[in-house]
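This report goes through one protein model, element by element. The sequence and structure come next, followed by the text.

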Amino acid sequence: MKGAISTALSFASAVAFACGSITWTAPAQATVVWTPPPAPEPPSLQASAAAGASPGLTSPDGRLRVRFQAGSDNSLHYEVLRDGQSVVLPSPLGLDLANAKWRVQLLLQPCSRPADGRERYPLIGKKRQVDSPYRAMRCVVTNAKDQPLTLEWRAFNDGVAFRYVVSLPEPHRKVFMDEHTGLRLHPDSRAFLQPMQPWHTGWKGTNPAYEEHYAIDTPVGQPARLGVGWAFPALFRSGDIWIAVTEAGMDGSFHASRLWPDNDFDRSFQPAPASGGYQFGWPQVGETGGGTQRLAEVDGTMTTPWRVIAIGDLPTLMQSTLGTDLAAPAVKFPAAKLRPGPASWSWALLKDDGTVFDVQKRYIDYAADMHWPYTLIDADWDRKIGWPRIQELAAYGRRKGVGLWLWYNSSGEWNDTEYTPKSALIDPAKRRAEFRKLAAAGIKGVKIDFFGGDGQSVIRYYVDLLEDAAKAGLLVNFHGATLPRGWNRTYPNLMTAEAVKGFEFATFEQVDQDAVPEHLAMLPFTRNLFDPMDFTPVVFGDIPNIKRATRNGFELALSVLLVSGVQHYAETPEGMATVPDSVRQFLRTLPRQWDDVRFLSGEPGRFVALARRAGDRWIVAGINAEDEPRTIEMDLGFLAGRTGALIGEGEGPRDFRLGTLPGGGLQRVTLPAKGGFVASFEAGRP
């Protein structure tokens, strides 16, 4: 651990990607080079900040600036400006531990000299190879007892981030009490937020699981709909500027946070009266997952996760990787086992009745026919199929070129779920033995469900699962889970996580199905902005006892719009057989990993169009969530000279239309209500 006087760039050196530190590599054509910047000069702890000075940090392109100022009570505030205009208004900083508080009567020491840094790393997500320059600075504030609190800052071209570091003389256990980090926005800003869920509510007491519909385009600062705060990532619009707030760098030593409106919680100090204000909050009582730690407690140095604020126009935000830029570098994982791609999955439409040997064998055949690398066998496989026959299915899949994923119930007594295997992963020794058994049988991955909240002990459990799975060479999918917060960079074996009100809810009640179009037009801007998301999309046929709200072109577009290292398609073999060969071929040849993304058009909750690239192939996709037809305008100048093969909506909601979409200049596609399209611009094809 680093002390409070360590330089910010010492941290940058520790987290920058180095080719020799992991065993999976970037593509052959990509060369990863990182040169450590010179270390900044340490601040003087003896001198106070110059009177009236406003120290700050500027992004590499000069457009963003974060600066600091003192309040009347000598509290510390930060402000973020873009092109000279305040976007994040002066907002409080501070942290309270059991034996040390940094809220008022603070003294800001001169900050370290800004220094350049760069995050270069491979990623399974919106970009294959990330290259993000930044400027870094470290500031120290001391309280009335002369105890130092270090703030590490980074300014990227697409946002800013900071975290607190506390290193007090040993022995001194750091016990978290309160965080004063605030977010103040212009009062006329608009919010796009998902409410957090009260603990131990919902089916079998499995909440919180980040499974709610969004409050869309609402005034900032409003109380959370369910009374326990708003989930990350939180999206805001201030004029033409968009702001996305999240956190990253979760290593198991700290609890996960959320946003609380200023007037929506009980604190030990009077919240600022300004509207548009939020504070970083913490998990509810009970969110410990059978452990003992809800709020952070550590021996030695306490380092909070990064508080991440992405800022820019909508294209800047939608193309940002800030949520993973602030995550720690990758652990070792065998490159040969790091294989993203789609999976067949029976439970989406067949539910529990499909978890039997013959059905799963048929789904392996289905995956093989679709050229998909995986089949997921869901809950109760141990009771309804049994381990010996699972081994038979694994061997059968191996001959077909299809690997198996198996479902596990993470929980002990923190919820009332009965699905099995249950509690097999809680004890570390038993978990490692189970993972070794799976790997020896050729199982490729584990889907782990029903977690216990966001407390520190639960976050530690997530990290332990990822680390042990990585050592066993297993891929991971978390369900009923927290937001990943950049874990897919640190643990490349984390292919995806749910943390969303996914497709399964739209199979239970019509009200959730009716909300699907608007919900899916929100997710690329929020939940799926930085982290992989297992929504389990794409249904072309019927949903038992439900009238589907989307058209088939809309469903097909989701295969491109949504990012997940393993994409579990909900459609059955029988439903897939009803669509044209061109649609099946599109899904067979859809890239399993994306190299780049371009935002083309959209408004959260209404419509969205993106272009994704794999090699020299670009695929453009869009959806219209509204009740009326919409013409989407897209600048396809980067595709000049090419013509895309378009699959769009036909006359009926289950029909497709084949056509073309020219590249170059401003192009328009008109979509019916709840409709969508894809257009594939193949490499080397005019």
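Helix α8 passes helix α9 in a right-handed crossing, a term used when the near helix is turned clockwise from the far one by less than a right angle. Two packed helices are described by the angle between their axes and the distance between the axes. Here α8 (residues 428-440) and α9 (residues 456-472) pack at an angle of about 35 degrees, and their axes are 9 Å apart. The axes are lines fitted to C-alpha atoms, for helices over the stretch in contact, and the angles run from 0 to 180 degrees between N-to-C directions. From α8, the contact involves Arg431, Arg432, Phe435 and Ala439, and from α9 it involves Tyr461, Asp464, Leu465, Asp468, Ala469 and Ala472. Contact means heavy atoms within 4.5 Å. Of these residues, 6 are nonpolar, none is polar and 4 are charged. In this grouping Ala, Val, Leu, Ile, Met, Phe, Trp, Tyr, Cys and Pro are nonpolar, Asp, Glu, Lys and Arg are charged, and the others, Gly among them, are polar.

The model is predicted, so local features need pLDDT of at least 70 and side-chain atom pairs count only at pLDDT 80 or more, while totals for chains, interfaces and linings use all residues. Residues are numbered from 1 along each chain as its sequence is written, and side-chain values use heavy atoms, with hydrogens and water left out.

**The chain as a whole**

The chain has 15 helices and 37 strands. Helices (H or I, at least four residues) and strands (E, at least two) are DSSP runs, numbered from the N terminus. Of the 686 residues, 64% count as buried; buried means under 20% relative accessible area, exposed means over 50%, and partly exposed is in between (1.4 Å probe, protein chains only). The accessible surface comes to about 23900 Å², and carbon and sulfur atoms hold 50% of it. Such areas come from the Shrake-Rupley method with a 1.4 Å probe, and for residues only the protein chains shown count as cover. Among contacts in the chain with a separation of 6 or more, 72% are between residues 24 or more positions apart.

**Salt bridges**

How many salt bridges does a search of the whole structure find? There are 42, where a salt bridge is a side-chain nitrogen of Lys or Arg within 4 Å of a carboxyl oxygen of Asp or Glu.

| Pair | N to O distance |
|---|---|
| Arg163 and Glu152 | 2.8 Å |
| Asp217 and Arg190 | 3.1 Å |
| Asp378 and Lys447 | 2.9 Å |

Arg163 and Glu152 meet in a salt bridge, with Arg163 in strand β11 (residues 159-166) and Glu152 in strand β10 (residues 148-156), 11 residues apart. Arg163 is buried at 7% relative accessibility, and Glu152 is buried at 2%.

The bridge between Asp217 and Arg190 ties together parts that are 27 residues apart in sequence, because Asp217 lies in strand β15 (residues 215-219) and Arg190 in strand β14 (residues 190-193). Asp217 is partly exposed at 32%, and Arg190 is partly exposed at 25%.

Asp378 pairs with Lys447 across 69 residues: Asp378 is in the loop between β24 (374-377) and α6 (381-384), and Lys447 is in strand β26 (residues 445-449). Asp378 and Lys447 are both buried.

**A buried alanine**

Ala310 sits in strand β22 (residues 306-312) and is buried, with a relative accessible area of 0%. Beyond its neighbours within four places in sequence, Ala310 has contacts that include Trp242, Ile243, Leu317, Leu322 and Phe530.

**Backbone features**

Most residues other than glycine have a negative phi, and most peptide bonds are trans. The bond from Asn207 to Pro208 is cis, with omega near 5 degrees, and Pro208 is in the loop between β14 and β15. The bond from Phe232 to Pro233 is also cis, with omega near -10 degrees; Pro233 lies in the loop between β15 and β16 (234-238).

Asp146 is not a glycine, yet has a positive phi of about 65 degrees. Asp146 is placed in the loop between β9 (129-142) and β10 and is exposed, at 58% relative accessible area. Phe450, likewise not a glycine, has a positive phi of about 65 degrees. Phe450 is in the loop between β26 and α9 and counts as buried at 10%.
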